[in-house]
Amino acid sequence: MGQRLSEWCGHGPVLEEDIALTNIALDLVGQATAILNYAGKVEGKGHTEDDLAFLRPEREFRNVLLAEQPNGDYAFTIARQFLFDVYQYYYYQSLQKSKDETLSALSEKSLKEVTYHLRHTSQWMLRLGDGTPESHERVQRAINELWMFTGDLFDMDEVDALLLKEGVSIDLKEVKGKWENHVAELLEKATLQLPVQTFMQAGSRAGKHTEHLGFLLAEMQYLQRTYPDVKW
Amino acid sequence: MEKDTQGTLWEVFVQANPGIPHKHVGSLHASDEEMALQNARDVYTRRKEGISIWVVEAKNIKASSPEDIGSFFEPANDKVYRHPTFYKVPDGVKHL
């Protein structure tokens, strides 16, 4: 997600938003760094966060499908970010209670960042939804198009179930309930329609992604792969 | 006077630590006060500049003009009796 948002750098609609989006991007890259760093340690094969970020192929990535969707127009980016922020907010809130100290500390810190992201995108959703006819149409279209990627946010596989049993990870069903209420409430305030479709894309837990991830990774990993072990 | 099409102009003041005055750090454009506050946080507090932000619409600030310097400020130059310079601080008094 951080990679996607950084594509807005220099292209934001107004100066202040350019900086706001890239700040959010930096926060997310920071969170990814911390998470991948810990993942590398748990894996025990000596991988650093850079190895995991820049040298894994698409099928080994487990990011949610929502995060790899393209930026589209501003309404699309904001809608995507909003849906993601609500998710992260309740996710980290729950993960704070993890028995694993690293995850719990990481969640506490990230929750502060995400609280701000959510405030920012919520305010934008209200202004776009309850704004001009054009903004309303664009953000409604965005929500409708993104909706089929939201089910994937809450899928759990056997690994997730095991981690939940051990008290390390969280119950995504609980997060889903809170997410649905929060999103429904805000969409209503923004005079937007909650999509009613039931078909959901899935597969991120198994490393199955949409066509966008390949291109995103090609750009992100280009430098490391072309000049392995290069240092700044 | 050309029309500014970027939206409303706001002046931003940041307070570095509790108890000391907010300092003017710059300005930005935003459509309303909540966005002005968030934009100020994003643009002016990236490097731990402070813990509190005030945003004020630029039009609400009444400023003196350079022509006023003569009548507003120069008369105070030769009124030395307004300064507390004739009081000698006794030894041992630390925080006056």
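Let me start with one pair: B:Glu11 has B:Ser27 in E2(B) as its bridge partner. This is a predicted model, in which local features need pLDDT of at least 70, side-chain atom pairs count only at pLDDT 80 or more, and totals for chains, interfaces and linings use all residues. Residues are numbered from 1 along each chain as its sequence is written, and chains are lettered from A and ligands numbered from 1 in the order in which they are written.

Now the sheet. In chain B, three strands form an open sheet in the order E2-E1-E3, with antiparallel pairing. Strands are DSSP runs of E, at least two residues, and helices are runs of H or I, at least four residues, numbered from the N terminus. Two strands pair if DSSP finds at least two bridges between them. Strand E2 (23–30) and strand E3 (52–57) of chain B are at the edges with a single partner strand each, so one side of each has no neighbour in the sheet. On average, neighbouring strands are turned by 30 degrees against each other, direction ignored. Strand E1 (residues 8–15) of chain B is joined to E2(B) by seven bridges.

Across E1, E2 and E3 of chain B lies helix H1 (residues 33–44) of chain B, running at about 125 degrees to E2(B). Axes here are lines fitted to C-alpha atoms, for helices over the stretch in contact, and angles run from 0 to 180 degrees between N-to-C directions.

Over to chain A. How do helix H4 (residues 74–95) and helix H6 (residues 133–146) of chain A pack? Their angle is about 50 degrees, and their axes are 8 Å apart. That makes H4(A) oblique to H6(A); angles under 35 degrees count as roughly parallel, over 145 as roughly antiparallel, 65 to 115 as roughly perpendicular and the rest as oblique. Among the residues that meet are A:Ala75 and A:Phe76 in H4(A), and A:Ser135 and A:Arg138 in H6(A). By class, this contact of H4(A) with H6(A) has eight nonpolar, one polar and two charged residues. Nonpolar means Ala, Val, Leu, Ile, Met, Phe, Trp, Tyr, Cys and Pro; charged means Asp, Glu, Lys and Arg; the others, Gly among them, are polar.

H4(A) also crosses helix H8 (residues 172–189) of chain A, at roughly 140 degrees, with the axes coming within 9 Å. H4(A) and H8(A) are therefore oblique to each other. Their contact divides into eight nonpolar, two polar and two charged residues.

Conventions
Two residues are in contact if their C-beta atoms, placed from the backbone, lie within 7 Å.
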